[in-house]
Amino acid sequence: MLRHEFQPGRLIAGTALVAAAVVYGGDAGGAWDTPWFVVIPVVVGGLCLAGAVGLMTGQVRRQRARRIPEKPTPTTDG
């Protein structure tokens, strides 16, 4: 049983930020040399992609909610 709904936009945003942290961590640890401006496109691109995916996910969920027919409520006529 799921405890919460899956949110792919947050997954993408988190992945982009973890990638930026790995790049800076590798630079700080001496594994490689990274210029300071390299992470900006990773973070900005990841957040833009996450926003687009979040909007698309919201649209899909709204469309599915419209397609599900509502249960008829019993009337108390008599």
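This briefing walks through the fold, the surface and a few side-chain pairings of the structure above. The model is a predicted one. Its protein chain holds 2 helices and 0 strands, and buried residues account for 17% of the 78 residues. Here is a friendly tour, topic by topic.

**Overall picture**

- The secondary structure of the protein chain consists of 2 helices, with 0 strands.
- Among contacts in the protein chain with a separation of 6 or more, 57% are between residues 24 or more positions apart.
- The protein chain has an accessible surface of about 6800 Å², and carbon and sulfur atoms contribute 66% of that area.

**The salt bridge**

- The partners are E5 and R61, whose closest N and O atoms are 3.5 Å apart.
- E5 sits in the segment before α1 (8–29) while R61 belongs to helix α2 (residues 39–67), so the pair ties together parts that are 56 residues apart in sequence.

**The aromatic pair**

- Searching the whole structure turns up 1 aromatic pair.
- W36 and F37 form an edge-to-face pair, because their ring planes stand at 90 degrees and the cut-off for that class is over 60; the ring centres are 5.7 Å apart.
- W36 is exposed, at 63% relative accessible area.
- F37 is partly exposed, with a value of 47% for its relative accessible area.

**The nonpolar surface patch**

- Y24, W36, F37, V38, I40 and V44 make a nonpolar surface patch of about 620 Å².
- W36 and F37, the two residues of the aromatic pair, are therefore also members of this patch.
- I40, another member of the patch, lies in helix α2.
- The relative accessible area of I40 is 46%, which makes I40 partly exposed.

**T34 in the loop**

- Where does T34 lie? T34 is found in the loop between α1 and α2.
- Is T34 buried or exposed? T34 counts as buried, because its relative accessibility is 10% and the limit for that class is under 20%.
- The side chains of T34 and W32 are joined by a polar contact of 3.0 Å.
- Leaving aside residues up to four places away in sequence, T34 touches V23 and D27.
- For T34 and V23, the C-alpha to C-alpha distance is 7.3 Å in space, and the two are 11 residues apart in sequence.

Key. Residues numbered from 1 in each chain as written. Predicted model: local features only at pLDDT ≥ 70, side-chain atom pairs only at ≥ 80, totals over all residues. Heavy atoms only, no water. Phe/Tyr/Trp six-rings, centres within 6.5 Å; stacked < 30°, edge-to-face > 60°. Buried < 20%, exposed > 50% of the residue type's maximum accessible area, 1.4 Å probe, protein only. Salt bridge = Lys/Arg side-chain N within 4 Å of Asp/Glu carboxyl O. Helix = DSSP H or I, 4+ residues; strand = E, 2+ residues; numbered from the N terminus. Patch = residues over 30% accessible without salt bridge, like charges linked within 9 Å, V, L, I, M, F, W, Y side chains within 5 Å. Areas by Shrake-Rupley, 256 points an atom, 1.4 Å probe, with all protein chains shown as cover. Contact = heavy atoms within 4.5 Å. Polar contact = N/O pair within 3.5 Å; in protein donor to acceptor, adjacent residues only side chain to side chain.
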